[in-house]
Amino acid sequence: MSNQQQSESQPADVELGPEQGSRMKDFYANPWTQIALISVICFCCPGMYNALGGLGGSGQVDPTVAANATVALLSATAATALIVAGPFFSLVGPRMCFLLGGWTYALYSGSLLNFNHHANGAFVIASGAILGIGASMLWVVQGAIMTTYVQESQKGLAIAVFWIIFNLGGGVGSLASFGLNFHSKSGTVSDSTYIALMVIMLVGWVLGAFICSPSRIKLAQLHAAVEHEKHSFKDGMKITIQTLFTWRVACMLPLFFCANVFYSYQQNNVNGLTFNIRTRSLNGALYWITQMLGGLLIGVLLDLPFLTRPARAKLGWVVLFSTGMAIWGGGYAFQKWQDHRVANGHKQDLDYTDGSLSTGPMFLYIFYGSYDALWQGFCYWLIGTESNSTARAAVLVGAYKTFQATGGAMAWRINALHTSPMTQLGMNWGLSMGALAIVLPTVWTVTMTTVVPEAEVDEVAEKDFKD
């Protein structure tokens with residue numbers, strides 16, 4: 001059989017090579033093994049962090065300390081995700097990048113445990129800032145793996161798998177907190193909640209030792225991109241500049257900025273201000289579980305085999321716009337109702353057993369969770385359409401996390417200043433719809449497939465020839 005016939009008989013995206021290796025190595029280097037691994041890691045680390053945040057004020061009666069810690073976290077992430085984590089990923093690879101940052105999740109949970117006994121708010125805020133640096137490293141690794149380790153036709157599925165497993169962490173963590181605090185009357189979660197979440201976070205950190213480098217993944221499109229990557233700090237900065245300074249990425253930045261803007265309002269005002277502690281825990285579980293369904297929905301829509309990739313991009317945008325208008329419209333009706341209740345002295349008193357009084361607000365909170373999954377899934381998918389290179393994807397994810405954290409820090413600071421909930425709702429709604437309008441040119445020009453730029457190929461070939 002000729003080489004041409006042999007290449008045509010195999011799938012284009014499978015890299016077989018002369019040595020098959022052991023089954024264990026093949027399993028380890030399988031793209032879907034790595035997608036599952038990074039999903040489980042995120043289940044344990046940011047998934048458990050989300051379980052804390054979903055309680056409103058990270059499980060504390062006064063949410064101000066948690067809000068300020070979140071501002072510190074997001075500010076640190078904004079400062080490091082793009083200019084530090086992205087280039088650092090190119091230098092050391094995904095495994096070391098994660099291991100240097102992943103332990104910070106357990107530190108933050110430990111600081112809240114300490115706060116329960118010593119009310120040391122400064123330690124919580126400092127831990128939040130350190131977590132911001134560690135989180136930037138984790139999310140750059142996660143985003144690069146999820147958007148480049150699988151075939152282009154399966155990137156939506158990779159996003160769905162990740163979002164389901166990852167948000168299962170927030171759901172399970174919140175359900176555990178619901179059980180631990182079922183009979184609590186205090187409004188603050190128990191020590192056992194923080195200890196259990198801290199242990200799970202440490203398990204996730206240890207699992208990072210099994211992350212596989214992109215050069216070992218059995219995927220031809222990834223190998224083609226890796227071959228044209230250079231790993232000095234200077235080259236890493238050059239890749240960063242080349243990747244970011246395009247009009248397509250510029251149109252995506254407002255979309256990135258809005259990805260975490262609504263968390264502070266939803267968690268502290270909708271959930272934290274309306275319900276008692278056990279119902280907040282239950283709502284947190286439902287919020288993250290519904291995110292699993294939202295991630296599955298957007299993943300399936302963005303991988304529909306009978307639509308071209310440009311058509312799938314437009315479909316995703318339409319889904320975000322239509323569902324956003326409906327959900328934020330429902331939020332406006334809720335906020336008018338809540339303002340009236342608070343004015344009459346009703347605060348943190350609604351229980352899930354209160355029948356129709358609690359059903360509507362609980363379902364609204366659930367829909368907020370599903371919309372978050374739709375939004376972020378679409379962001380990651382757009383990133384995946386820009387490049388199959390892990391280095392370039394790391395830069396784009398770094399930009400995503402930088403602007404996401406900047407928007408989130410702004411929103412959490414506004415929340416910590418006790419801005420009226422109706423003002424926060426209007427800000428979230430307006431920013432979201434405005435970002436969708438600005439990203440339209442990028443969505444409209446998504447191409448059928450992604451290729452390595454010819455200029456970059458020629459540059460590397462010329463360098464190799466000289467060497």
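1. Helix α12 (residues 247-257) and helix α18 (residues 421-438) have axes that come within 8 Å and cross at roughly 160°. Axes here are lines fitted to C-alpha atoms, for helices over the stretch in contact, and angles run from 0 to 180 degrees between N-to-C directions. Helices (H or I, at least four residues) are DSSP runs numbered from the N terminus. The two helices are therefore roughly antiparallel, α12 to α18, a label given to angles over 145 degrees. The crossing of α12 with α18 is left-handed, that is, the near helix is turned anticlockwise from the far one by less than a right angle.

2. This is a predicted model, in which local features need pLDDT of at least 70 and side-chain atom pairs count only at pLDDT 80 or more, while totals for chains, interfaces and linings use all residues. Residues are numbered from 1 along each chain as its sequence is written, and side-chain values use heavy atoms, with hydrogens and water left out.

3. In the α12 and α18 pair, Cys251, Pro254, Leu255 and Phe257 of α12 meet Leu431, Ala435, Leu436 and Ile438 of α18, contact meaning heavy atoms within 4.5 Å. The residues of this contact divide into eight nonpolar, no polar and no charged; Ala, Val, Leu, Ile, Met, Phe, Trp, Tyr, Cys and Pro count as nonpolar, Asp, Glu, Lys and Arg as charged, and the others, Gly among them, as polar.

4. Helix α3 (residues 31-44) packs with helix α7 (residues 121-148) at an angle of about 150°, the axes being 10 Å apart. That angle makes α3 roughly antiparallel to α7, and their crossing is left-handed. From α3, Gln34, Ile35, Ile38 and Cys42 meet Leu138, Trp139, Val141, Gln142, Ile145 and Met146 of α7. The division for this contact is eight nonpolar, two polar and no charged.

5. The axes of helix α13 (residues 263-271) and helix α16 (residues 356-386) come within 11 Å and cross at roughly 170°, which makes α13 roughly antiparallel to α16. The contact involves Tyr263, Tyr265, Gln266, Gln267, Val270 and Asn271 of α13 with Tyr365, Tyr368, Asp372 and Gln376 of α16. Its residues divide into five nonpolar, four polar and one charged.

6. Trp139, Phe162, Trp163, Phe166, Phe256, Tyr380 and Tyr400 form one aromatic cluster; rings of Phe, Tyr and Trp (its six-membered ring) pair if their centres lie within 6.5 Å. By this rule there are 19 aromatic pairs.

7. The charged end of Arg248 sits over the ring of Trp247, 5.8 Å from its centre. The charged end of Lys314 sits over the ring of Trp444, 4.7 Å from its centre. The criterion is NZ of Lys or CZ of Arg within 6 Å of the ring centre and within 35 degrees of the ring normal.

How values were computed: Parallel < 35°, antiparallel > 145°, perpendicular 65-115°, else oblique. Phe/Tyr/Trp six-rings, centres within 6.5 Å; stacked < 30°, edge-to-face > 60°.
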